[in-house]
Amino acid sequence: MDSVLYEAQRQGRISFYMTSFGEEALIGSAAALDPKDHVFGQYREAGVLLQRGFTLEQFMNQCYSNELDQGKGRQMPVHYGSKELHFQTISSPLATQIPQASGAAYAMRREGNKQCVVCYFGEGAASEGDFHAGLNMAATLGCPVIFYCRNNGYAISTPSIEQYRGDGIASRGIGYGIDTIRVDGNDIWAIYEATKAARKLAVEQNKPVLIEAMTYRVSHHSTSDDSSAYRSKKEVEDWSKRDNPLARMRAWLMNKGWWEKSEDVEVTKAAKAAVLKAFADAEKLKKPAVSEMYTDVYDEMIPELVREKAEIDALLKKYPDYYQVNDYAKST
Amino acid sequence: MSAALKSLFKTPAAARLASRSPRALFGSIRYNTTVAGEQITVREALNAAIDEEMERDEKVWLLGEEVAQYNGAYKVTALFDTPITEMGFAGIAVGAAFHGTKPICEFMTFNFAMQAIDQVVNSGAKTYYMSGGSTSCPIVFRGPNGAAAGVGAQHSQDYASWYGQIPGLKVVSPYDAEDAKGLMKAAIRDPNPVIVLENELMYGTSFPATAEMASKDFVIPLGKAKTMREGTDLTIVTYSRPVAFAMEAAELLAKEGINVEVLNLRSIRPLDLDAIIKSVKKTNHLMTVEQGFPQFGVGSEVSAQIMESEAFDYLDAPVCRVTGADVPMPYAQNLESLALPDTEVIYKQVKRVLNIE
């Protein structure tokens, strides 16, 4: 999916994309959660949604901002969200999700239904004031929240060595009085076990937990970034060879005798075919209805919006061809 | 914020003001305080509104710095003192609102809320839209706004035009006790994020307590202005504390046979344009009065919207904006007074607009 959508952006078919290459083991954290635990992501957590059952069609519809996009075409690609899957819509400004996660966790605690919140962010976002505010709040208010830091070595072009002078992000958790663990972020089982233990602490004792998962961002930051400008190709290749979560998982399964090379080829082929089909289908769909420009700003349209909508409706009716009204879903 | 300043803000506003020099804070304005009958202060009205709404809906809770200290009557789970970080507790409130509660997020003053403005604007106001209508943010951000007294440039700003710009937010600014109670209750019941811009200097001011106001369902509709005084010669559109100055100026002008209509906006967003248009059609003259800075202010917006409306053809003179001075608020008392519009300025400007000597 990452390869296909990355190429689609390069061909100008979608505006933006972010891949998760090298950080696929994150999915282990999703597996350790209850499906009703609420997730606040940063933007590189498509794996969590996949684990929860977000379909290929849903991913593609979001990236294409078409009429079936649950977000009604209002967000950039990869800014996924799903109420059904308890996955909060992505917020672009870095780290804003951290205090929000503490707040949602606090609300959960009030409900007393033994759920928790998981909040993902990178080591770069941990430099934001929101990180410090959110962790301190969670600690003092006793919020059942797991802070999951993907320390992937780079914040866009800034290497972690220039991001902080202390002992990573984990040391900060201790400073806030938060139970903290640092794990091998390329080891899916380590992540699974750490998240499971963290969840137990959060849910049973209403405590925040910080997990720092050490990994490596093989991807460019986004399609707006070319990482060859600030790191060598060799560095990326070395990491891919030496320590890659997919390679490790594959080797582990094969060593156990649970996985054959032929199966690997077959599954990869089938997955690629499914992705390409969903991709092609999504591209053919119409754009969201024009009327969706005015809805959901408020629960009910305020007078200014009603006036604006009436004006636009009249124009569309008068010049349907110029505005290519047939490209859009039917307005309400 | 410095510790010294925090401790200053811990003191109730009225006590702080009383301890200041003999300056007459409210000039010669009388708020019916000598009239017989029951009185209620703006502070009491706000507290009653919050109290009643918390009782009515268990999802409502209050958080902010020092909030648990001034009323211990609430359940601990509903009233929170938070660590000193505006972006932190604003973020907490937004997250909790996403998750089905209705937080009232109290800022010690809106001047400090700038540290949290990303949470208010980028998350609070936009998430309902950006989530495709799946995640709403029913929240109230409240606190004193605008100039207090003698607290200098960093504590005296009016944020009506800042928040008034943002689609997704509703913004109200109460003037008297009636506004305070009715608008606060409406804000809490509204499913959208609402900013309640209060005025610290009005907290201790008493107004008549009507039977209507005592009702637990006394709610003022958001987006509707109130005609405080009918007139035929000129319309003054204002909000918050300057409503008092406008009323006082109108009183003085009436003695000279000039009938000024005073509109209390109550809501900055949505803006009750219809009420302004209606009034301008009657008086043919428009003046706006606010304590905020002139550029891109509420007055600028009102005047632009009127120019684009059918009311433009009814104007007999250009719209006049009376605003705070375009300088960081001076600390010196004499300069501070000069930086804010008062009764005298309004009185003089009305005569200038009407071309009366």
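Trainee: Where is Gln324(A) placed?
Mentor: Gln324(A) is in the segment after α13 of chain A. Helices are DSSP runs of H or I with at least four residues, strands are E runs of at least two, and both are numbered from the N terminus.

Trainee: What is the phi of Gln324(A)?
Mentor: Positive, at about 45°, although Gln324(A) is not a glycine.

Trainee: What sort of model is this, and how are things numbered?
Mentor: The model is predicted: local features need pLDDT of at least 70, side-chain atom pairs count only at pLDDT 80 or more, and totals for chains, interfaces and linings use all residues. Residues run from 1 along each chain as its sequence is written, chains are lettered from A and ligands numbered from 1 in the order written, and side-chain values use heavy atoms, with hydrogens and water left out.

Trainee: OK, the A–B interface. How many residues does the contact take from chain A and from chain B?
Mentor: Chain A gives 41 residues and chain B gives 45. Contact here means heavy atoms within 4.5 Å.

Trainee: What area do chain A and chain B bury between them?
Mentor: About 3,400 Å², with 59% of it on carbon and sulfur atoms. Buried area is the accessible area (1.4 Å probe) that two parts lose on being put together, summed over both.

Trainee: Which residues in chain A lose the most area to chain B?
Mentor: Arg110(A), Met137(A) and Tyr298(A). Together they make up 18% of what that side buries.

Trainee: Which elements of chain A give two or more residues to that side?
Mentor: β1 (38–40), α5 (97–111), α6 (129–141) and α13 (303–318). The most comes from α5(A), with 10 residues.

Trainee: How do the residues on that side of chain A divide?
Mentor: Into 15 nonpolar, 15 polar and 11 charged. Nonpolar covers Ala, Val, Leu, Ile, Met, Phe, Trp, Tyr, Cys and Pro; charged is Asp, Glu, Lys and Arg; the others, Gly among them, are polar.

Trainee: How many salt bridges between chain A and chain B?
Mentor: The count is 0. A salt bridge needs a side-chain nitrogen of Lys or Arg within 4 Å of a carboxyl oxygen of Asp or Glu.

Trainee: And how many residue pairs in polar contact between chain A and chain B?
Mentor: 14, with both residues at pLDDT 80 or more. A polar contact is a pair of N or O atoms within 3.5 Å; within protein, one must be able to donate a hydrogen and the other to accept it, and residues adjacent in sequence count only if both atoms are side-chain atoms.

Trainee: Stepping back, how many salt bridges over all chains?
Mentor: The count comes to 42. One of them pairs Arg199(A) with Asp37(A), with the closest N and O atoms 2.4 Å apart. That pair links distant parts of the chain, 162 residues apart. Arg199(A) is in helix α9 (188–205), and Asp37(A) is in the loop between α2 (27–31) and β1.

Trainee: How is chain A divided into domains?
Mentor: Domain 1 is 1–281 and domain 2 is 290–327. These bounds come from an automatic or database domain assignment. Their centres, taken over C-alpha atoms, are 37 Å apart.

Trainee: How is chain B divided?
Mentor: Domain 1 is 23–214 and domain 2 is 226–354. In chain B, 24 Å separate the domain centres.

Trainee: Last one. Which residues in chain B does a cis peptide bond join?
Mentor: Arg269(B) and Pro270(B), with omega about -5°. Pro270(B) is in the loop between β12 (267–269) and α11 (273–283) of chain B.
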